[in-house]
Amino acid sequence: MAVADEGSRHVAESGFVERVRHLADAANPAFAAGSFLVPLAFLAASLALASTELLFYTHVAAGAVWFGFALIFPAIIGPTLGGLDEEASAAVNRTLIPKAVFFLVGFSLTTVLSGTVLLTPDLGLGYGFGGMWSGLALGLGWGLFAFGLAVPHRLQLSAYYETLSPDPDASRLESIEKKNLVVGLFEAAVMLALIVLMTGFRLGV
């Protein structure tokens with residue numbers, strides 16, 4: 001037990017690269033790699049084939065996965081974990097969070113990259129829109145991506161590292177869950193604004 005506790009402390013105090021390696025091992029290295037390679041492969045194929053249609057559907061599919069999971073996590077998964085006993089909740093967190101982080105980063109990165117190519121005519125696969133509204137959509141998309149890395153992912157990882165500690169603090173985990181709910185509501189509002197913009201582009205509004 002002492003060895004496990006010391007290992008948990010080492011993970012929480014280690015540098016960025018070591019933490020990523022630890023998370024990849026916890027998530028399963030194949031899953032972690034696939035979370036990036038699979039969606040980005042469709043983006044690469046769109047560019048290689050110069051296919052605006054494939055790029056558009058890659059963007060929409062990746063965005064749907066990102067938006068859907070980003071909303072489900074605080075709305076359903078978080079409260080469900082909160083209803084479990086401490087040991088069960090910690091066990092699920094240790095298994096779920098590493099996978100969720102790689103999965104969401106891979107699909108969110110694909111979404112913003114494909115959206116950037118679609119709305120940047122100089123890149124050769126422009127979707128036919130320019131000006132203030134497309135710039136706003138890109139800004140919101142990249143802002144949401146950066147926000148995801150800086151806030152919800154950090155909250156999830158804080159919960160993960162807390163479950164690795166020798167004596168997890170139930171009150172801290174509950175506080176993180178409440179923050180996740182507030183963050184999820186904010187993300188939902190921004191995501192809905194992006195969907196409105198995208199719908200307007202599609203309908204030519």
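1. Helix 4 and helix 5 are roughly antiparallel to each other (angles over 145 degrees count as roughly antiparallel, under 35 as roughly parallel, 65 to 115 as roughly perpendicular and the rest as oblique). In this predicted model, local features need pLDDT of at least 70 and side-chain atom pairs count only at pLDDT 80 or more, while totals for chains, interfaces and linings use all residues. Residues are numbered from 1 along each chain as its sequence is written, and side-chain values use heavy atoms, with hydrogens and water left out.

2. The packing angle between helix 4 (residues 52-82) and helix 5 (residues 86-118) is about 150°, and their axes lie 8 Å apart. Helix 4 passes helix 5 in a left-handed crossing (the near helix is turned anticlockwise from the far one by less than a right angle). Residues in the contact of helix 4 with helix 5 comprise 20 nonpolar, 11 polar and no charged; Gly counts as polar here.

3. Most residues other than glycine have a negative phi. Asn 28 has a positive phi, near 95°. Asn 28 sits in the loop between helix 2 (16-27) and helix 3 (29-49). At 38% relative accessibility, Asn 28 counts as partly exposed (buried means under 20% relative accessible area, exposed over 50%, partly exposed in between, with a 1.4 Å probe and protein chains only).

4. Ala 50 also has a positive phi, near 50°. The loop between helix 3 and helix 4 holds Ala 50. Ala 50 is exposed, its relative accessible area being 53%.

Methods: Axes are lines fitted to C-alpha atoms, for helices over the stretch in contact, and angles run from 0 to 180 degrees between N-to-C directions. Helices (H or I, at least four residues) and strands (E, at least two) are DSSP runs, numbered from the N terminus.
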